[in-house]
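Trainee: Can we go through this chain together? I'd like to start with the strands.

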Amino acid sequence: MKNDFENKIFNIDCVEGMKNLPPQSVDLVITDPPFGIDFKAKRENYHRNSANVLEGYTEIKGKEYYQFTFEWLNEVKRILKNSGSMYIFSGWNYLKDILIALDKLNFIVVNHLIWKYQFGVVTSRKFVTSHYHCLYVCLDDKKRKFFPYARFSQDSKNKKGSALHYLDKEDVWTINREYWSGDIKTPTKLPAEIIKKILAYSSEENDLILDPFLGSGQVAVVSKMEKRKYVGFEIAKEYFDFILERLETNSYRIKNQTEIQNCLEI
Ligand SMILES: C[S@@+](CC[C@H](N)C(=O)[O-])C[C@H]1O[C@@H](n2cnc3c(N)ncnc32)[C@H](O)[C@@H]1O
């Protein structure tokens, strides 16, 4: 893999895969590691259009979560540039394991962001979870890239006179999930809008963006759309093949060919 990793994705375990990347080669990491909650991503768990849901989502056992987290973060530490940064999405269940591992490895937590989304699972005996945590971290706080007016100029204001760049930089981000009805999908994915926002603030064109846990490949696909280079790993073969097809055909969403065939035959 040496010197041949840019704009490539690999169907292997990310800890093994990252060992082949040179030190200080990555500008930005955006990632959403497995949840550790015995997440069942099987096709039969989805009632409608279940054939569109890809199989193979690989979970981490709760009792192994800290060790697993330490190992992948340790590799990121070796390959991340001093000017780089990392955004890690996490539910609350294993957030503490991630925070402790980051601390042990001397990462600096820059912000603890909250991603508020439009839908949570309905509950009757507790509050509805409708947010995700996103830890924005780096190795060198003086050298890390950050472009404060990348999305809104210093003088842009809304009708009430509030500065748009300030509002955009508040640490609670309200961004809708994407549903992709009728198209092939994985059960969890980051919306393009959230990835675009991170890319704008923390990277430049041609920077190398890494996602060790690609899932549906959103980070690689959106990085390519935004003229960044990408590299990433996904252990599930069905997911990997799906990402490859998205990247090779420059397709954001892909129709299920079996469904199309069935429609044509009716
Ligand atoms: C929460 S999902 C990522 C979703 C992704 N952010 C997206 O937008 O589609 C985590 C992914 O990590 C994969 N995975 C689990 N263990 C892995 C490992 N050791 N190496 C690479 N991928 C792994 C899972 O199969 C799953 O697809």
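Trainee: Which strands does β3 pair with, and how do they run?
Mentor: Six bridges link β3 to strand β5 (residues 131-138), and these two run antiparallel. Five bridges join strand β2 (residues 26-31) to β3, in parallel. Strands pair if DSSP finds at least two bridges between them. Strands are DSSP runs (E, at least two residues), helices are too (H or I, at least four), and both are numbered from the N terminus.

Trainee: What should I know about the model?
Mentor: The model is predicted: local features need pLDDT of at least 70, side-chain atom pairs count only at pLDDT 80 or more, and totals for chains, interfaces and linings use all residues. Residues are numbered from 1 along each chain as its sequence is written.

Trainee: Why is β3 largely enclosed?
Mentor: Eight of its eleven residues (80-90) are buried, so the rest of the structure largely encloses β3. Buried means 20 or more other C-beta atoms within 10 Å of the residue's own, with C-beta atoms placed from the backbone.

Trainee: And the chain overall, how much is buried?
Mentor: 33% of its 266 residues. The chain has eight helices and eight strands.

Key:
A residue is buried if 20 or more other C-beta atoms lie within 10 Å of its own, exposed if 12 or fewer, and partly exposed in between; C-beta atoms are placed from the backbone.
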